[in-house]
Amino acid sequence: MPNFCAAPNCTRKSTQSDLAFFRFPRDPERCRIWVENCRRADLEAKTSDQLNKHYRLCAKHFDPAMVFKTSPYRTVLKDTAIPTIFDLTSHLKNPHTRHRKRIKELTEEDIRRIKERRLASSTDQLASKKDESVEDSTGTNEDEPQLSTEEKELREYLRALFEVVVMLGKQCIPLVAQKISVAELRSSNFQALLDCRMNAGDEALKKRFEGTPTNSEYLSATQQNQLLDVCENTVREEMLMEVRESRFFSLVTGDLVDFANEKCLPLFLRFVNQQNALREEFLDFVPFDGDEAALVERLEAQLTDRWGLSMDDCRGQAHKATGTSSTKMKAVAVLLLEKYPLALHMPCSHIALNIHLANSLPFPSVQVVMETLRRLGNFFRTPLTQEELERAISTHYQENEERGATLKQACDPGWTEQHNVFDIFLDMLPPLLLCMDQIRDNDDGKFSSSVSANAYSIAEILADFEIIVTIVILKNILTFTRAFGKNLQGETLDVFFAANSLTAVLHSLNEVNDNIDVYHEFWYEEAVNLASVMETPVKIPRLFFRKQRVADVGQIQAEPYFKEYVTMPIIHGIMQEVEDIFCENNLKALKCLSLVPAVMGQMKFNTTEENYADVYRNDLRNSDTLPAELHCWRIKWKHRGKEVRLPTTIQETLQLPDVKFFPNVNSFLKVLSILPVLKLEDGKGNTASGRLQAYFDSMPTKEWNKSLAMLHVNTHVRNDLDVMVDKYCRLYPEDEPEAESEEPAEEEMK
């Protein structure tokens, strides 16, 4: 169980902090002084033994001179230490709140008695110092306790275990290999690595396990999970310390992940560290069950109660949701924005805007198209299936080799995530269907039965006229947002001009909506011609007739049906989503990118950031001096020397040595840089989301492990094994890992 601090107005607990926690002393007199200083009336009736067993104080309540480390992994108190640092007033800010740790009001008698005790204590300390001055100054300090041999051996043993856990995470090795039978239980990877270390001469492990029966596990699943928890929490706390120091952050969630039938949401935080470097780190998985309000409450609890952050410091949010989860995450974003107006909801830089817009549409045919795209991206990852696709393209475009060559080049790995994905998808539909038919037939036996079955399933979807119409409509409507979305993921100058071009994008979409009859006629004709090439019959979906229970099927025409149920909902949905994610506050924030010198230069230094600064005015060091500081900032770059190049990105600007002389500009740029819509400067494969996806791609689904995934993604974070050992000893003081002497029951690893 975690240790909670008994001090009033202190909410620290051992699972959230690396602070040491100290038991109340057994000595009745010293224990009485601790209680008296705590001002906890409810503790006065308890005995010193009860207090020693059940109550702790964290190190924050002691003078630093009273606390010292005997080793990198052990913190102790001096025998005479008395807690003197307490917060006895913060509860007065909210007098109506009930406090479990009620503070005792001191009477005049209490105050007199405390003064007398402190006077007596001062006299004793003075006499003690005189006695010590007589002693030999070269003597050793006997107050500092030394570790016993058993304690040293235990910590060396734990250190070796944590080294193995860290290596499992770094090297992407599953904790337990897939077992064929109970007899192969000892073949777990964790067990094998421990054996390997002992064979290499690890004395700490040898002493612990040399007498272990050959048919037993060294550690039970529960003990392994405890090691994983401590290791994971230590790495996470290292990152959270940087987030707390930077104060402001943005919240980013990824695609849902299924761990043993439990759907979880990957949670990332984007922030600027003390070196002014932009970071985006993976922190944890959040359960996805419950409704939108429950998920918002869970996210808040994770960030505030567990991690010690403040949601009032959240300056952005982005949710990479797909399928049916997109509707739920949109509702979550709205709820968070209502409670925290500065947590601006924006598209995520990891995903093309057109894909984000399509994912946000809750219509079944659109969701089928997006799921099919994801399946195609996975299907053609192998060289064998990719070769078959290129062969099908050559066959279909044999009379137009130039177009075939262009399409082959366009369908390289990752084409399903590009801005022009629907253009490529439409051109590839006939060869894709041909490719799937050939793989399904599998005449030469090159493909496994599962691949053939997958190809058959995809072919049935591609040959559906409703899907063809949906792809055509998406391609034509999203043409108007393609260049806009590409600029959003470009350089800072591109993002700035994209924010100023939104009016033109909305104007184009409104023009399409006003003349939808004309546009739909052309688009429908395009879909019919493509269906003819693919030998797909033009028909209304069977499900529509079953739901509507239409008596005369012949009275319903296909073209008006697809206009009403496909074209109109898609154009309206895309227009609404664009307006939502680029609302007034979002555009104001993006227009503040004119603070970057290269953007100022492009605008001939005629910029007006102060007109949009209201969004972040409370985040600035001294907002009253902002206009004057912005004027000096423009003059600095306008009258620079000819050899001085204008910085082109926020990150490059933040690294300038003299940016610290412009505190408001510095704060402004830091907040802007964490907006989720702005791209990270690292390549995609080196981002936290990229590393997380690499972990899932490299390991079978049944072997996924939350803690190991977290360790693998964050291999760049410093691993302090001594801190892990110390934390384990505090959390499980009477549960030291020992070998299981009997055949262990199979426990479910988390």
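I take a nonpolar core to be a set of buried Ala, Val, Leu, Ile, Met, Phe, Trp, Tyr and Cys residues joined through side-chain atoms within 4.5 Å; buried means under 20% relative accessible area (1.4 Å probe, protein chains only).

**Basis.** The model is predicted: local features need pLDDT of at least 70, side-chain atom pairs count only at pLDDT 80 or more, and totals for chains, interfaces and linings use all residues. Residues are numbered from 1 along each chain as its sequence is written, and side-chain values use heavy atoms, with hydrogens and water left out.

**Overall.** I looked up the burial and found that 48% of the 750 residues in the protein are buried.

**Cores.** The largest nonpolar core holds 198 residues, and Phe-190, Phe-425, Phe-582, Leu-590 and Leu-672 touch the most other members. Helix 14 gives the largest share of this core, 12 residues. I also noted a second, separate core of 22 residues, with Cys-5, Ala-6, Ala-7 and Phe-62 included.

**Leu-672.** Leaving aside neighbours within four places in sequence, I list Ala-589, Cys-592, Leu-593, Leu-595, Tyr-616, Ile-650 and Leu-678 as contacts of Leu-672 (contact: heavy atoms within 4.5 Å).

**Helices 11 and 14.** Helices are DSSP runs of H or I, at least four residues, numbered from the N terminus. I examined helix 11 (residues 364-379) against helix 14 (residues 421-441): the angle is about 60° and the axes lie 12 Å apart, the axes being lines fitted to C-alpha atoms over the stretch in contact, with angles from 0 to 180 degrees between N-to-C directions. Val-369, Met-370, Leu-373, Leu-376 and Phe-379 of helix 11 meet Val-421, Phe-422, Phe-425, Leu-432, Met-436 and Ile-439 of helix 14.

Conventions. Buried means under 20% relative accessible area, exposed over 50%, partly exposed in between (1.4 Å probe, protein chains only). Helices (H or I, at least four residues) and strands (E, at least two) are DSSP runs, numbered from the N terminus.
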